[in-house]
Amino acid sequence: MVVPALIFIFVFSYIPMSGILIAFKDYDIFQGFASSPWVGLDNFKEFLHADEFRTVIRNTLGISFLKLLIGFPAPIVLALMLNEVRIPIFKRVVQTISYLPHFLSWVIVSGFVLTMLSADYGSLNIALEKLNLIDEPVNWLTIPNYFWAILIATGLWKGIGFGSIVYLAAIAGVNPELYEAASIDGAGRFRKIISITIPCIMPVVSIFLILAIGDLLSAGFEDILLLQSDIVRDVSDVLDTYVYRVGIKNSLFSYAAAVGLFKAVVSVILLTVANALARKSGNSLW
């Protein structure tokens with residue numbers, strides 16, 4: 001089984017990587033891959049000097065840091081809370097409800113968000129009007145100041161339950177004798193969480209934190225693409241949507257490949273630095 005798996009990975013993962021060479025070419029679909037002229041680092045220089053560069057990088061880092069700051073600890077907190085529930089039926093119901101959004105595609109989720117926040121028939125506007133909190137309906141997704149909050153909240157709702165599974169599994173592996181010894185010493189639930197549960201799952205948390213830091217330039221694609229509009233592009237355009245727009249829509253294949261390669265190289269650097277820092281605590285990936 002090992003040899004076929006290695007062949008599969010080589011054929012479908014490594015051979016296609018040769019296509020990244022178009023980032024160093026002025027690729028023409030009619031001239032083909034081999035005949036297109038080399039331009040060296042011109043595509044990278046064009047991106048670094050592009051008018052959209054600062055906006056795209058600002059949005060990418062801003063959204064990514066918010067997702068890391070809010071979205072990363074949320075599944076851990078949920079797992080710790082579920083672990084303290086002593087009513088099995090209630091625990092299973094909460095787990096099921098929190099897991100379900102993960103299995104919905106972003107097309108369905110974005111449709112739900114668009115409907116809920118609609119200025120014409122959105123449930124949020126109806127509720128706020130009945131509470132006399134607003135005088136007239138608000139088109140929330142066309143207001144730049146609200147876009148990041150809507151995006152982060154939607155992603156958190158969709159992923160928090162499924163993300164807590166691995167932490168619940170890690171908590172289940174904690175030695176029960178540690179809790180028993182803590183109870184004898186008079187420790188309460190909160191003290192057990194702080195002194196036993198969190199330190200025991202810290203290796204798992206560290207690994208996922210390293211991966212999250214290495215993925216900082218991946219602010220999202222489907223969620224942003226489906227929720228954004230031209231009105232909020234100044235706050236919603238990130239590297240992935242920018243590559244899609246210039247590469248697929250505008251057919252600038254070499255330029256888009258250069259932007260994608262730039263993102264990949266920076267991500268590898270971030271991952272390496274994060275792993276080197278984590279190695280000091282003994283919880284590194286390699």
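A: Contact means heavy atoms within 4.5 Å. This is a predicted model, in which local features need pLDDT of at least 70 and side-chain atom pairs count only at pLDDT 80 or more, while totals for chains, interfaces and linings use all residues. Residues are numbered from 1 along each chain as its sequence is written, and side-chain values use heavy atoms, leaving out hydrogens and water.

Q: Which residues does Phe147 touch?

A: Set aside residues up to four places away in sequence. Phe147 then touches Leu141, Ile224, Leu227, Gln228, Val232, Val235 and Ser236.

Q: How many residues does the largest nonpolar core have?

A: A nonpolar core joins buried Ala, Val, Leu, Ile, Met, Phe, Trp, Tyr and Cys residues through side-chain atoms within 4.5 Å. Buried means under 20% relative accessible area, exposed over 50%, partly exposed in between (1.4 Å probe, protein chains only). Here the largest core has 20 residues, and Ile63 and Phe147 have the most contacts inside it. Helices α7 (106-116), α9 (144-172) and α12 (222-227) each supply at least two of its residues. Helices are DSSP runs (H or I, at least four residues), numbered from the N terminus. The largest share, four residues, comes from α9. Another core lies apart from this one; it has 16 residues, including Leu68 and Ile201.

Q: Is Thr241 buried or exposed?

A: Thr241 has a relative accessible area of 2%, so it is buried. It lies in helix α14 (residues 239-249). Beyond its neighbours within four places in sequence, Thr241 is in contact with Phe221, Ile224, Leu225, Gln228 and Ser236.

Q: How many salt bridges are found in the whole structure?

A: Side chains of opposite charge can pair when their charged atoms come close. A salt bridge puts a side-chain nitrogen of Lys or Arg within 4 Å of a carboxyl oxygen of Asp or Glu. A search of the whole structure finds six. One of them pairs Lys67 with Asp223, with the closest N and O atoms 3.1 Å apart. This pair links distant parts of the chain: Lys67 is in helix α4 (residues 53-71), Asp223 is in helix α12, and they are 156 residues apart. Lys67 is partly exposed, because its relative accessibility is 25%. Asp223 is buried, because its relative accessible area is 6%.

Q: Which side chain meets Asp237 in a salt bridge?

A: Arg245 does, at 2.3 Å, N to O. Both Asp237 and Arg245 are buried.

Q: Which residue meets Lys263 in a salt bridge?

A: Asp240, with 2.7 Å from N to O. Lys263 sits in helix α15 (residues 253-279) and Asp240 in helix α14, 23 residues apart. Lys263 counts as buried, because its relative accessibility is 15%.
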